[in-house]
Amino acid sequence: MTVQLWRHCRVATLQPSHPAPYGLIEDAALVLEGGRIAWVGPRRELPADLAARCTREHDAGGALVTPGLIDCHTHLVYGGDRAHEFELRLQGASYEDVARAGGGINSTVKATRAATEPELEAQSLKRLRALVAEGVTTLEIKSGYGLAFEHERKTLRVARGLGRRQPVDVRTTFLGAHAIPPEFAGRADAYVDEVVRMLPRLHAEGLVDAVDAFCERIAFSTAQTERVFQAAHALGLPVKLHAEQLSDSGGAELAARYGALSCDHLEWLGEQGAAAMAAAGSVAVLLPGAFYFLRETKLPPVALLREHGVAMAISTDCNPGSSPCTSLLLMLNMACTLFRLTPEEALAGVTRHAAKALGLGDRGVIAPGKRADFVLWDVAHPAQLACALGANPRLQTVFEGELV
């Protein structure tokens with residue numbers, strides 16, 4: 001097995017137990033064995049016997065090293081675009097107005113259903129490559145633009161295929177309960193029946209890592225969402241939830257009862273929901289791109305989340321209607337400028353906490369035993385990653401121990 005030594009670097013381990021901010025180690029060394037981290041620490045403390053075992057050596061050139069970035073909430077596989085809705089909102093229409101008039105998610109459903117698998121893959125690959133170019137090594141891709149078995153299956157198959165074709169680990173989430181498709185208009189409960197029937201079939205094909213739903217007044221009630229969660233629970237699948245984006249529906253409390261990996265958006269989250277999430281260990285996934293793009297004014301309750309000790313992740317929410325964004329680095333800045341996270345909180349939000357939001361305990365920090373997914377950056381301090389607008393200082397990505 002190849003043993004590699006990386007030297008002449010500064011490593012932001014993001015280990016919460018490390019006394020320095022960002023878990024930063026100056027003049028560090030990293031040893032990789034296979035696709036795992038075998039040792040990390042100050043170069044002067046590198047054990048001589050371990051150094052002697054190294055068969056390959058890399059000079060990082062003084063670069064900053066962080067864990068590979070993790071985009072834990074995307075809808076990256078879809079057809080078409082919704083630029084015309086952007087124009088409508090600028091003319092005064094709200095997101096709900098557009099959705100109720102037949103636009104919104106259902107317009108993307110129409111385009112996604114019409115697209116073939118190769119067409120969807122070609123469109124989605126461009127978006128994925130943009131994320132990978134910024135140091136993303138793991139991302140979640142949700143379905144939810146098919147809303148019928150054959151089309152949900154198609155989007156999940158494309159998502160799985162993207163992960164096999166690019167140096168990135170793709171986690172797939174079934175979001176059949178995203179919206180009510182036109183053929184089920186006025187029959188939400190009947191459509192939930194259909195979602196519950198789809199899930200075991202998709203899971204049997206190995207296409208589902210987790211299950212999500214959109215619990216909101218323009219989507220599904222808590223009772224309908226719970227039926228989806230019950231079906232996921234019966235299959236041993238973890239759940240997530242689009243919660244409290246437009247109103248406080250009690251979705252976060254429901255999700256917490258099912259031990260949800262995360263609750264996402266959360267602009268209208270209240271005290272009870274935050275307490276329930278803390279007790280369940282659910283991560284709050286904040287989506288500043290959607291907040292910005294929809295010109296929302298209700299900020300997520302960051303102070304409340306801090307008070308309850310709820311971990312906060314950050315993601316692009318890459319989707320055509322409310323966050324057509326393929327820059328996780330931009331989300332770092334927006335999380336700080338719009339939501340007032342500290343740069344350290346924001347970086348933890350796209351590494352350590354994002355990993356937790358996907359139920360992945362083997363990544364998100366640089367520590368012995370973890371996956372050797374990391375990024376070399378041409379910056380002097382980790383805060384610079386959140387500070388610069390439109391910059392991409394990535395020098396090199398290492399994925400499972402191999403140079404990308």
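**Ground rules.** Local features need pLDDT of at least 70 in this predicted model and side-chain atom pairs count only at pLDDT 80 or more, while totals for chains, interfaces and linings use all residues. Numbering starts from 1 along each chain as its sequence is written, and side-chain values use heavy atoms, with hydrogens and water left out.

**Helix H8.** I started with H8, residues 222-234. Helices (H or I, at least four residues) and strands (E, at least two) are DSSP runs, numbered from the N terminus. The expected span is 1.5 Å times one less than the number of residues.

Next I asked which residues of H8 are buried. They are Gln 224, Thr 225, Val 228, Phe 229, Ala 231 and Ala 232. An arc of only 160° around the axis holds them, so they sit on the same side of H8. Buried is under 20% relative accessible area, exposed is over 50%, and partly exposed is in between (1.4 Å probe, protein chains only). The arc is taken over the directions from the helix axis to the C-beta atoms. A reminder to myself: an α-helix has 3.6 residues a turn, so residues three or four places apart point the same way.

On the face of H8 turned away from the buried side I found exposed His 233 and Ala 234. The cover over the buried residues includes strand E8 (169-177), helix H7 (188-204), strand E9 (210-215), strand E10 (240-243) and helix H9 (251-257). Gly 236 follows H8 with a positive phi, near 75°.

**Helix H10.** I ran the checks on H10 (residues 271-280), where Gly 273, Ala 274 and Met 277 are buried. Their arc is only 100° around the axis, which puts them on the same side of H10. Gln 272 and Ala 279 are exposed on the other side. The buried residues of H10 pack against H9, strand E11 (262-265), strand E12 (283-286) and helix H12 (302-308). Just after H10 comes Gly 281, with a positive phi of about 75°.

**His 178.** I located His 178 in the loop between E8 and H7. His 178 is buried, with a relative accessible area of 4%. What does His 178 touch, not counting residues up to four places away in sequence? I listed His 75, Ile 105, Gly 144, Tyr 145, Leu 147, Phe 214, Ala 219 and Phe 220, with contact meaning heavy atoms within 4.5 Å. Lys 142 is 36 residues apart from His 178 along the chain, and their C-alpha atoms are separated by 9.9 Å.

**Asn 333.** Last, I looked up Asn 333, which is in helix H13 (residues 328-339). Asn 333 counts as buried at 8% relative accessibility. Leaving aside neighbours within four places in sequence, Asn 333 is in contact with Ala 386, Cys 387 and Leu 389.
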